[in-house]
Structure formats: structure tokens, C-alpha cells
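Hi everyone, thanks for coming.

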Amino acid sequence: MTETKIYVGLNDRTTLEQRFETEKYVKILKEVCKSYHTAFSFSVSQGGYFHENGEYTQENTLVLSLVDADPVIIEEISKDLCAFFHQESVMVTEAPVSMRFVKETL
């Protein structure tokens, strides 16, 4: 199985500032995943990076985790989030992962 993570910065690509409260972006992220009928988890993180022009930016970032998702769906979700959040790009990482479910009943 593969775990894919999509990192979406929340600073606008033009103004280089976050335009809305983080919770608004979270609602959009959840709706996008729901519309693609894909299971997900996410976290809110902080990070920094360099733009293509060399300018450094720090920002809040949503990290979307998908396990064993269809690569076509991953690409579509990535493109949607990039467009909806007005980003220069989003970062996608992939890594092999093993997974199991543990159940217990009292």
C-alpha cells in the first residue's frame, strides 16, 4: 500500500498572506475529499519554503493523508486544492506503508 500526503499552503500565491481563517480552508478540504468519495485524514501544520523567485515564506499548511488511493483521484484532488486555495503549487509525497486495523470489544 501507498500513503500519499498532499501539502497545501494557505498563503495566497499573489498576496503571500493567508486570506481566510484556517477553519474555512479545512471545510473546503473536507468537502473536496467527500466529493471524491475518498477516505482521508489531515493535520494543520506550519512550514516555510522558497518561492521560485527566491523569496522565503512561512505559512500554515494543511497536510492531507490518503492511503491506497487511486492515483487519478490523487491528481484531481491535488489540482482542485491548488486552484481553490490559489496556490503556486502543492507538494505531493508518496511512501510505502503497511496498515492493519485493531479491534477490541469489552
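Let's begin with charge: the chain carries 10 positive and 17 negative charges, and their mean positions lie 7 Å apart. For that count, Lys and Arg are positive and Asp and Glu negative, while His and the chain ends are left out. Each charge is placed at NZ of Lys, CZ of Arg, CG of Asp or CD of Glu.

A word on where this comes from. This is a predicted model, where local features need pLDDT of at least 70 and side-chain atom pairs count only at pLDDT 80 or more, while totals for chains, interfaces and linings use all residues. Residues are numbered from 1 along each chain as its sequence is written, and side-chain values use heavy atoms, with hydrogens and water left out.

Now the overall picture. There are two helices and four strands, and along the sequence they come in the order β-α-β-β-α-β. Helices here are DSSP runs of H or I with at least four residues, strands are runs of E with at least two, and both are numbered from the N terminus. If you box in the C-alpha atoms along the principal axes, you get roughly 50 × 25 × 25 Å.

How much of the chain is buried? Of its 106 residues, 30% are. Buried means under 20% relative accessible area, exposed means over 50%, and partly exposed is in between, using a 1.4 Å probe and protein chains only. And among contacts with a separation of 6 or more, 67% join residues 24 or more positions apart; a contact is heavy atoms within 4.5 Å.

Okay, helix α2. This one covers residues 71–84, so 14 residues, and spans 20 Å from first C-alpha to last, close to the 20 Å expected at 1.5 Å a residue. That expected span is 1.5 Å times one less than the number of residues.

Which residues of α2 are buried? They are Ile-73, Ile-74, Ile-77, Ser-78, Leu-81 and Cys-82. They sit on the same side of α2, because they cover an arc of only 165 degrees around the axis. The arc is taken from the directions from the helix axis to the C-beta atoms. Over on the other side of α2, Val-72, Lys-79, Ala-83 and Phe-84 are exposed. The buried residues pack against β1 (2–9), α1 (22–35), β3 (56–67) and β4 (91–96).

Let's pick one of them, Ile-74. This residue has 6% relative accessibility, so Ile-74 counts as buried. Skipping neighbours within four places in sequence, Ile-74 is in contact with Thr-4, Ile-6, Leu-66, Ala-69 and Val-92.

Not counting residues up to four places away, Val-26 touches Phe-42, Val-44 and Leu-62.

Last stop, the loops. Most residues other than glycine have a negative phi. Leu-16, though, has a positive phi near 65 degrees. Leu-16 is in the loop between β1 and α1 and is partly exposed, at 23% relative accessible area. His-37 also has a positive phi, about 55 degrees, without being a glycine. You'll find His-37 in the loop between α1 and β2 (41–50), where this residue is exposed, with a relative accessible area of 77%.
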